[in-house]
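Here are a few exercises to work through with the structure open beside you. Try each task before reading its solution.

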Amino acid sequence: MAKPNKKAPDTAVNIHCRQCKTQLFKYRKGGKRALVKCFKERITKDYTVTPCTCPHCHTVFARDTLIRGTPAFKLIGGKVISK
């Protein structure tokens, strides 16, 4: 399969923890569909202390994985909201 596009998309979204509303990432999202994965190269600002864990309520919201050969976070459904 093809790798993700190297040029980052224009639209930026803020990703928050659904449980405590703490901001986790500022992410350059492409497309209009639901947020399922976050490629690490598209994260512009990371507010987490430990990867995939909310710094305030310590909820695990994602899994660290490789998607099409590129490092990414696979988000767990219902754990995050994007604004």
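This is a predicted model: local features need pLDDT of at least 70, side-chain atom pairs count only at pLDDT 80 or more; totals for chains, interfaces and linings use all residues.

**Exercise 1.** Work out which strands stand at the edges of the open sheet of 4 strands.

*Solution.* Start with the strand order, which reads β4-β2-β1-β7, with antiparallel pairing. Next, look at the two ends: β4 (43–46) and β7 (80–82) each have a single partner strand, so one side of each has no neighbour in the sheet. Now zoom in on one pair: β2 and β4 run antiparallel and share 3 bridges. Lysine 26, for instance, has lysine 45 of β4 as its bridge partner.

**Exercise 2.** Find the salt bridge and say which parts of the chain it links.

*Solution.* There's 1 salt bridge to find. It joins the side chains of lysine 40 and aspartate 64, at 2.8 Å from N to O. Then place the partners: lysine 40 sits in the loop between β3 and β4, while aspartate 64 belongs to strand β5 (residues 62–67), 24 residues apart.

**Exercise 3.** Describe the lining of the largest pocket by class and by element.

*Solution.* First, the space: the pocket holds about 250 Å³. Its lining includes Tyr27, Arg28, Phe39 and Arg68. Sorted by class, the lining has 5 nonpolar, 1 polar and 6 charged residues. By element, β2 (23–28) and β3 (37–39) are the ones giving two or more residues to the lining.

Conventions
Residues are numbered from 1 along each chain as its sequence is written. Side-chain values use heavy atoms; hydrogens and water are left out. On a 1 Å grid over the protein atoms alone, a cavity is a set of points where a 1.4 Å probe fits but cannot get out, and a pocket is an open set with protein on both sides within 12 Å along at least five of seven lines; lining residues have an atom within 4 Å of a point. Grid points are joined across faces, edges and corners, and a volume is the space filled by probe spheres set on the points. Ala, Val, Leu, Ile, Met, Phe, Trp, Tyr, Cys and Pro count as nonpolar, Asp, Glu, Lys and Arg as charged, and the others, Gly among them, as polar. Two strands pair if DSSP finds at least two bridges between them. A salt bridge is a side-chain nitrogen of Lys or Arg within 4 Å of a carboxyl oxygen of Asp or Glu.
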